[in-house]
Amino acid sequence: MIADPFLLKAMLFAAKATLIFQACLIFYFFGKDEKIPYSARNIFFVLANAGCLFLASGIIQENFFLIKCGIFILITQALVDAHLIISKYARIKKIEKEIEDEKSDAKK
């Protein structure tokens, strides 16, 4: 499919800007608090939707760079979600261990 060159250049610019914006947000949040706040996850959800759009438009226009950008954005979103799940699991285990230690100290 042959697309308008101006539209293709605009999409490539938007993909590059999205990748840079997502990378800056990730480095900012992980560098600041070592986690992503729950309120900021909406921003990453919107960026993940942009990844789907870049992937679809790359497949339709047969543009390898857009396909790579879309896949990279989706993988990054998956890693952010995995980090959230793992950190929640570790926090719950820590709380359970503290409660268990308090119960064992109370029995003594």
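Q: Ile 75: buried, exposed or partly exposed?
A: This is a predicted model. In it, Ile 75 is partly exposed, because its relative accessible area is 45%, and buried would need under 20%.

Q: Which helix is Ile 75 in?
A: Ile 75 is found in helix 3.

Q: What does Thr 76 touch, leaving out residues up to four places away in sequence?
A: Thr 76 touches Gln 22 and Ile 26.

Q: Switching to cores. Which residues make up the largest nonpolar core?
A: Eight residues in all: Leu 25, Ile 26, Phe 29, Ile 36, Ala 40, Phe 44, Leu 47 and Val 80.

Q: Which elements give two or more residues to this core?
A: Helix 1 (5-32) and helix 2 (41-61) do. Helix 1 gives the most to this core, with three residues.

Q: What other core lies apart from it?
A: There is another core of seven residues. Among them are Met 11, Ala 15, Ala 50 and Ile 73.

Q: Now helix 2. How many residues does it have, and what is its reach?
A: Helix 2 has 21 residues. From its first C-alpha to its last it reaches 30 Å, close to the 30 Å expected at 1.5 Å a residue.

Q: Which residues of helix 2 are buried?
A: Phe 44, Leu 47, Ala 48, Ala 50, Gly 51, Phe 54, Ser 57, Gly 58 and Gln 61.

Q: What do the buried residues of helix 2 pack against?
A: They pack against helix 1 and helix 3.

Q: Why does Gln 61 count as buried?
A: Because its relative accessibility is 16%, and buried means under 20%.

Q: How many residues apart along the chain are Gln 61 and Leu 8, and what separates their C-alpha atoms?
A: Gln 61 and Leu 8 are 53 residues apart along the chain. Their C-alpha atoms are separated by 8.8 Å.

Q: What about Glu 62? Where does it lie?
A: Glu 62 lies in the loop between helix 2 and helix 3, just after helix 2.

Q: Which phi does Glu 62 take?
A: Glu 62 has a positive phi of about 55°, although it is not a glycine.

Q: Is Glu 62 buried or exposed?
A: Glu 62 counts as exposed, because its relative accessibility is 67%, and exposed means over 50%.

Q: Last topic, salt bridges. How many are there?
A: The count comes to one salt bridge. Glu 96 forms a salt bridge with Lys 93, and the closest N and O atoms are 3.7 Å apart.

Q: How are Glu 96 and Lys 93 placed in helix 3?
A: They are three residues apart, so about one helical turn separates Glu 96 and Lys 93.

Q: And the accessibility of Glu 96 and of Lys 93?
A: Glu 96 counts as partly exposed, at 41% relative accessibility. Lys 93 counts as partly exposed, at 41% relative accessibility.

Terms used: Residues numbered from 1 in each chain as written. Predicted model: local features only at pLDDT ≥ 70, side-chain atom pairs only at ≥ 80, totals over all residues. Heavy atoms only, no water. Core = buried A, V, L, I, M, F, W, Y, C linked by side-chain atoms within 4.5 Å. Buried < 20%, exposed > 50% of the residue type's maximum accessible area, 1.4 Å probe, protein only. Helix = DSSP H or I, 4+ residues; strand = E, 2+ residues; numbered from the N terminus. Contact = heavy atoms within 4.5 Å. Expected span 1.5 Å × (residues − 1). Salt bridge = Lys/Arg side-chain N within 4 Å of Asp/Glu carboxyl O.
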